[in-house]
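Subject: Structure for your attention

Dear colleague,

Please find below the structure that I am handing over to you.

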Amino acid sequence: MISVGYSMYAIPLKIPIPHRSDTKIKQIYIQNKSQLGTGNFFMQLLPRVTMLLQPSNDPQNARRYISSHYDDSDELFANFLSPDMNYSCAHWSGDPDEALESAQKRKVQRLLQKAQISVDQHVLEIGCGWGDVAITAAQTTGCRVTALTLSDNQKRIAEKRVKEAGLEERVRILLQDYRSATGPETNGGYYDRVISIGMFEHVGAEYLDEYFRVISSLLHPGHGVMVIDGITMTHKVSRFVPSAYLRGSNAPP
Ligand SMILES: C[S@@+](CC[C@H](N)C(=O)[O-])C[C@H]1O[C@@H](n2cnc3c(N)ncnc32)[C@H](O)[C@@H]1O
């Protein structure tokens, strides 16, 4: 018997999870659906009540929440993420045998394509995780990237990966809240692109307007493009999962 859960609680499941088997994880969800959030009334209620009681997701609390989630163990994340260390939802092909890494690569390529980045541009990435998107953007387009995280561990690992890729001149990783981000010194103080993946569900309902206001103020008014990918509240599971695994978060409708 093993447990799967987010940071707040663990739920005993009925079948063991083999190492890195995405298809099996989907099967486990289907077989344990009642406990994982669609059938059990109390399991659904608990995280919602917790969400109502949680304190504001102001910059101080946001830093605390992120640190408590990401800064305990690098090994934990390395064990269940694909080797590129992308964390947010992958874009699956529909083939049940597809590997997580391939679906994550598809997501990164697709979102970078949408951003239409060119070599002379400067990209702001809000919520860069362990740096894969920032590195891939710089490698594939030649652009510059300023990338923000609130996790010490993510910053350290992302910087190591940037160095290993020889991109220190073009990719900067900052430990900084999006609310205090400033524009670059060149380009009239504007970024050409803003990319934010798996991040706006961490913003919290009360700060969503502020999040978009900040992006709007940093993005070039003439040719700026914003690419955002995240979880919205399209069904019951997505509503409770973000608040259950990370305090301060909320999937907007
Ligand atoms: C779920 S992770 C997504 C990481 C990466 N974009 C991915 O898709 O794998 C959320 C990221 O947002 C960052 N983050 C959360 N709140 C933030 C804030 N207020 N300001 C800046 N970054 C923040 C976290 O540090 C983390 O890197």
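The notes below move from the whole chain to its sheet and then to one strand of that sheet.

Please bear in mind that this is a predicted model. The chain has nine helices and seven strands. Of its 253 residues, 30% are buried. Among contacts between residues at least 6 apart in sequence, 63% join residues at least 24 apart.

The sheet

Five strands form an open sheet, in the order E5-E4-E3-E6-E7, and their pairing is parallel. The edges are taken by strand E5 (171–175) and strand E7 (225–229); each has a single partner strand, so one side of each is left without a neighbour in the sheet. From one strand to the next, the twist averages 15°.

At one end of this order, strand E6 (residues 193–197) pairs with E7 in the parallel sense over five bridges. Within that pairing, Arg193 has Val225 of E7 as its bridge partner.

Is strand E4 buried or exposed? Six of the six residues of E4 are buried, so this strand is largely enclosed by the rest of the structure. In a regular strand, side chains alternate between the two faces of the sheet. Both faces of E4 are covered: Arg144, Thr146 and Leu148 are buried on one side, and Val145, Ala147 and Thr149 are buried on the other.

Strand E4 has E3 as one partner: strand E3 (residues 122–126) and E4 pair in the parallel sense over five bridges. Here Leu124 stands opposite Thr146 in E4. To pass from E3 to E4, the chain runs through helix H6 (residues 132–141), and this β-α-β crossover is right-handed.

E4 also pairs with E5, in the parallel sense and over five bridges. In that pairing, the bridge partner of Thr149 is Leu175 in E5. The chain crosses from E4 to E5 through helix H7, and this β-α-β crossover is right-handed.

What does helix H7 (residues 152–164) touch in the sheet? H7 packs on the sheet and touches strand E4 (144–149) and E5, and the direction of H7 makes about 170° with that of E5.

With kind regards

Note on methods: Residues are numbered from 1 along each chain as its sequence is written. This is a predicted model: local features need pLDDT of at least 70, side-chain atom pairs count only at pLDDT 80 or more; totals for chains, interfaces and linings use all residues. Two strands pair if DSSP finds at least two bridges between them. Helices (H or I, at least four residues) and strands (E, at least two) are DSSP runs, numbered from the N terminus. Axes are lines fitted to C-alpha atoms, for helices over the stretch in contact, and angles run from 0 to 180 degrees between N-to-C directions. Two residues are in contact if their C-beta atoms, placed from the backbone, lie within 7 Å. A residue is buried if 20 or more other C-beta atoms lie within 10 Å of its own, exposed if 12 or fewer, and partly exposed in between; C-beta atoms are placed from the backbone. A crossover is right-handed if, with the strands pointing away from the viewer, the path from the first strand over the helix to the second runs clockwise.
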